[in-house]
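Here is a friendly walk through one protein model, written for someone who likes to know the cut-offs behind each term. Have a look at the sequence and the fold before reading on.

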Amino acid sequence: MKQQRRTRPARVRFWRWRHNTLLRRSDRVQGWVLLAAWTLALLGGLFAGLAAGTWAAHDLAARRASVHSVSAVLLQDAPKTAVVSPYGSDGTVWAKVRWTDGAGTAHTDLAKVEPGGTTGGRVTVWLDRDGTPVVEPAGPTVAGAQAVLLAVPTGLAAGALVLLGGRLVCNRLDRRCYEAWAAEWRQVGPQWRKRMLG
């Protein structure tokens with residue numbers, strides 16, 4: 001005997017908005033909640049991602065504007081290789097340098113420089129407004145990449161939170177429907193059972 005293959009029933013899309021006499025009011029409410037959640041997730045996620053990316057780009061640009069570079073002289077040989085930490089490496093090393101500020105005052109301090117420099121060599125050092133050596137700020141390309149790396153997860157997280165909220169509302173509606181059905185069955189069930197079992 002030939003065995004019949006089981007076929008899956010066709011999935012009906014947008015069933016909550018189609019005319020159906022068996023459709024409950026809670027099904028329609030769930031449909032609108034899910035539609036609102038998806039719309040808010042897309043728009044809110046997009047807005048949150050753009051806001052985070054714009055904020056990051058402005059912050060990195062402000063950091064770059066708050067520092068300036070000066071030419072300095074190495075007072076010692078710079079290490080040949082950068083130290084790699086668990087957090088990665090920026091490819092620079094610490095070395096003692098001397099530079100002269102705009103007023104002609106000489107300064108000596110440790111600064112981040114390219115590896116392999118020799119004593120007396122010229123290097124570029126980045127200073128903040130107080131004249132303290134700082135790490136070179138991110139360039140426009142790196143700043144753009146960092147802004148995107150912040151924007152994408154922020155947008156996805158915002159959208160996911162909205163969808164989670166929508167799902168929780170739908171679950172609450174399902175629970176209320178089930179509780180109403182169970183309360184009704186507690187009243188009708190015993191009578192129905194008596195009639196059926198006679």
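Buried here stands for under 20% relative accessible area, exposed for over 50%, and partly exposed for what lies in between (1.4 Å probe, protein chains only).

A word on the ground rules. The model is predicted, so local features need pLDDT of at least 70 and side-chain atom pairs count only at pLDDT 80 or more, whereas totals for chains, interfaces and linings use all residues. Residues are numbered from 1 along each chain as its sequence is written, and side-chain values use heavy atoms, leaving out hydrogens and water.

**The overall chain**

Two helices and five strands make up the protein chain, in the order α-β-β-β-β-β-α from the N terminus. Helices (H or I, at least four residues) and strands (E, at least two) are DSSP runs, numbered from the N terminus. The C-alpha trace spans about 105 × 50 × 30 Å along its principal axes. The radius of gyration is 33 Å, while a compact globule of 198 residues would have one near 16 Å; the value is taken over C-alpha atoms, and the globule rule is 2.2 Å times the number of residues to the power 0.38. Of the 198 residues, 24% count as buried.

**The sheet**

The five strands form an open sheet in the order β3-β2-β1-β4-β5, with antiparallel pairing. β3 (106–113) and β5 (133–134) each have a single partner strand, so one side of each has no neighbour in the sheet. Two strands pair if DSSP finds at least two bridges between them. The pairs are set out below.

| Strand pair | Sense | Bridges |
|---|---|---|
| β1 (residues 68–74) and β2 (residues 93–100) | antiparallel | two |
| β1 and β4 (residues 122–127) | antiparallel | six |
| β2 and β3 | antiparallel | eight |
| β4 and β5 | antiparallel | two |

Val-73 stands opposite Arg-98 in β2, and the bridge partner of Arg-98 in β3 is Thr-108. Leu-74 faces Val-97 in β2, and His-68 stands opposite Leu-127 in β4. Trp-126 has Val-134 in β5 as its bridge partner.

Two hairpins complete the sheet. The hairpin of β2 and β3 has five residues between the strands, and Gly-104 takes a positive phi near 90° there. β4 and β5 also form a hairpin with five residues between them, where Gly-131 in the turn has a positive phi of about 85°.

**The helices**

The structure holds one salt bridge, meaning a side-chain nitrogen of Lys or Arg within 4 Å of a carboxyl oxygen of Asp or Glu. Asp-59 and Arg-63 form it, with their closest N and O atoms 3.1 Å apart. These two are separated by about one helical turn because they are four residues apart in helix α1 (residues 25–65). Asp-59 has a relative accessible area of 25%, so it is partly exposed.

Val-188 is found in helix α2 (residues 140–197) and, at 41% relative accessibility, counts as partly exposed. Together with Tyr-178, Trp-181, Trp-185, Trp-192, Met-196 and Leu-197, Val-188 forms a nonpolar surface patch of about 850 Å² accessible area. Patches are made of residues with over 30% relative accessible area and no salt bridge, joining like charges within 9 Å and nonpolar side chains (Val, Leu, Ile, Met, Phe, Trp, Tyr) within 5 Å. Accessible areas come from the Shrake-Rupley method with a 1.4 Å probe; for residues, only the protein chains shown count as cover.
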